[in-house]
Amino acid sequence: MSDKVQITLEPSGRILSVARGEPLRELLFEHGVEYPCGGRARCRSCRVRVVGGHAEPTPEDRQALGERAVAEGWRLGCRLIPTTDLVLAVAQWQGPVLEDRTAVAVQPRPGLGVAIDLGTTTLVAQLVDLTVGMVLATEVALNPQGSYGADLISRMEASLRDDVGDQLRELIRRRLGEMIARLLEQAPAGTPLQEVILVGNTVMHHIFCGHALAPLAAAPFETDAGGLAEFKASELGWELAGNPPARFLPCLGSFVGSDILAGVLASGMGQADDFQALLDLGTNGEIVVGNAAGMLCASSAAGPAFEGARIVQGMRADLGAIDRVEWTGESFRCHVIGNSRARGLCGSGLVDAVAAGLTGGLILPTGRLRDRVEPLALAEGVGLRQQDIRELQLAKGAIAAGLRLLADQRGCGLRQLERTFLCGAFGNSISPASARRIGLIHAGEDTICPLGNAALLGARMVLLGGEPAWDELERLQGRIAHRALGSDPAFMDTYVEEMNFPASLPLTQMMPEEIRP
C-alpha cells in the first residue's frame, strides 16, 4: 500500500498528493476552508463534503454536524484525516484583492523595495522600483495563521499554547519570504532589493517580531513592545542577496497597529485643518478622530460579523458570497461574487441585507424580525436569521459608540466631522448608504470616503518617501493619543444606545413593539 493518497478538490478539479494519515487542515485552508473557531470543532464553518472515497466520521463530526449530515458525506475539515483517496467538494479561495497603486512622492534611490500589508486574513506585498516609484508586481496570499482561527482573539489564544506561538511566527515569516521570492522572480535581473517595509495590527506585529502576546491577552491589555522593529533578512529566514533590512512600522496602541498609522499617513489627516475620522472595520475595529492639531485613536472589539464569521451562513468575500443586497419595494435583489450560485453571506452583504430589511419594514429598529419567521430568504438556499442581525448589532454598536466617544473627547462631535475615511477590504466594499441606514456611520453620505488599501499605500509612502516620510511618520506618532475605550465609564451606556437601528419614523409614531427594548 502506498504511503500517499490523492485528494481531488471540486469544483476546481485540482489534484493533490498528501501523506496517508496526515491531517488535511492546512491544505484545506489554502483552498478556501475557514476555521473561525481555530479548528476546535465548535463552529461547523470548516465543513466539506466527501463526494468520492471514504472518510470515517469522528465523534466531533457527529456532535457538530449531526447524523444526517454525516450520512450525506459532510465532515469537519479541521478533523479530516485521509486514509484513502478522496474527492472533496471545496470552494477554492478566489476573493477580490484590495490593492493600491496610487502615485506617491518619491525620493529616488537605486534598487527595489517591497511594501507589505500583513493582514489578519490576507497578505499583500508589492515590489516597487525605488528610482521612479512604480509598482512592478503584486503578490497576494491568505495568512497561513488563519487555520488557528479567523479572528485576533483566536490567534492570541493559540499563541499562548505550548509551541504554537513559535509555529505562528515561523508560518508568517516563511509565507512572506516565499512571496518576496516570487516578486523578485519578476524583477529586472541584477537589481538589488534594498528594503522591506511591513505594516499590520498589533497582534500581527507581535507574532511576526516574536514578542510575547500575554500582555495583550489580560487586563490592562497593554504592551510596551509595539515600537519600530528592525531585522536583517537572514534573521527572518529570508535568503536574499545583500541581506537587506526589513522594518515593521510602530503601533499606536495596544490594539491600534502600524496599519492604522500608515492609513493616517495615506489619508493626509495629519495635515488637515478640519476634523476628520478614519475607520478600519473588522473584528478589531480601529478608529482615529482629529486633525493636524491632534488626534485620538482607539480600538473597539466589534466581533467578526463584518467578516462573515458567527453568521449562520456567513463566509469571506469569496466566490459565491452575496456581497450586495437591495430592496426592490417587494423583495430582495442580491448580487453574488462570480455571478455563481449563492453559497453564503459576506460582511458587506450582511450590512446591505439588514439595511434592505429595515427599509422594507421586515426588520424593526430593535433588530427583531417583524414577523418572527426565519430565515428571511435572500436568495435560493441563503437567508438571514435573528442571530445574524444580533451579531451585526453588536459589531456596529461597538464601532458607532467608539466613534461617538472619540469625537466628543476630541471636542468636535459627530456633526463636525467633515470627512470619514473607510479603510481595508470591508470598509471599501460596504455601501455608504447601508452604513448610514443601520447607524454604523451618522455622517452625510457625501462625506464618506473609501480610501482603498490605506495601510499598503502608507507603507509604500514610507518606502519611497525617504527622510521626509519618516519625519512625518514620527510627527504623526506624537500627535495621536491612544484611548482605552474599555476603561471609559461612558462606553457601555453609549454602546447600548448605538445598538438599535435608526428608526425611519419618529418614535412617537411607532408601534409599542417597535420601541420596546
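These notebook entries record what I looked up in a predicted model of one protein.

**Entry 1. Confidence**

I began with the confidence of the prediction. The mean pLDDT of the protein is 88, and 94% of its residues reach 70 or more. I then turned to residues 505–517, where pLDDT stays under 50. For this stretch the model has 14 contacts beyond four places in sequence.

**Entry 2. The nonpolar cores**

Next I looked up the nonpolar cores. The largest one has 57 residues. Within this core, the residues with the most contacts are Val 289, Phe 306, Val 354, Leu 384, Ile 438 and Leu 440. Which element supplies the largest share of this core? I found that helix 10 does, with 10 residues.

I returned to Leu 384 and listed its contacts, setting aside residues up to four places away in sequence. Leu 384 touches Leu 345, Leu 350, Ala 353, Val 354, Ile 363, Glu 374, Pro 375, Leu 376, Leu 378 and Ile 389. Val 354, one of these partners, is also listed among the residues with the most contacts inside the largest core.

**Entry 3. Glu 391**

I then examined Glu 391, which lies in helix 10, a helix covering residues 386–410. Is Glu 391 buried or exposed? Its relative accessibility is 17%, so I recorded Glu 391 as buried, because buried means under 20%. Apart from residues up to four places away in sequence, Glu 391 touches Ala 305, Arg 310 and Ile 311.

**Entry 4. Asn 291**

My next residue was Asn 291, in strand 13, which spans residues 284–291. Asn 291 has a relative accessibility of 6% and therefore counts as buried. Leaving aside neighbours within four places in sequence, I found Asn 291 in contact with Met 269, Ala 272, Asp 273, Asp 274, Phe 275 and Arg 410. I also noted the separation between the C-alpha atoms of Asn 291 and Leu 417: the two residues are 126 residues apart along the chain, and these atoms are separated by 9.9 Å.

**Entry 5. A patch on the surface**

Which residues make a nonpolar surface patch of about 270 Å²? They are Val 132, Met 134 and Leu 136. I located Val 132 in the loop between strand 7 (122–129) and strand 8 (135–142). Val 132 counts as exposed because its relative accessibility is 53%, and exposed means over 50%.

How values were computed:
Residues numbered from 1 in each chain as written. Predicted model: local features only at pLDDT ≥ 70, side-chain atom pairs only at ≥ 80, totals over all residues. Heavy atoms only, no water. Helix = DSSP H or I, 4+ residues; strand = E, 2+ residues; numbered from the N terminus. Buried < 20%, exposed > 50% of the residue type's maximum accessible area, 1.4 Å probe, protein only. Contact = heavy atoms within 4.5 Å. pLDDT = per-residue confidence, 0-100. Patch = residues over 30% accessible without salt bridge, like charges linked within 9 Å, V, L, I, M, F, W, Y side chains within 5 Å. Areas by Shrake-Rupley, 256 points an atom, 1.4 Å probe, with all protein chains shown as cover. Salt bridge = Lys/Arg side-chain N within 4 Å of Asp/Glu carboxyl O. Core = buried A, V, L, I, M, F, W, Y, C linked by side-chain atoms within 4.5 Å.
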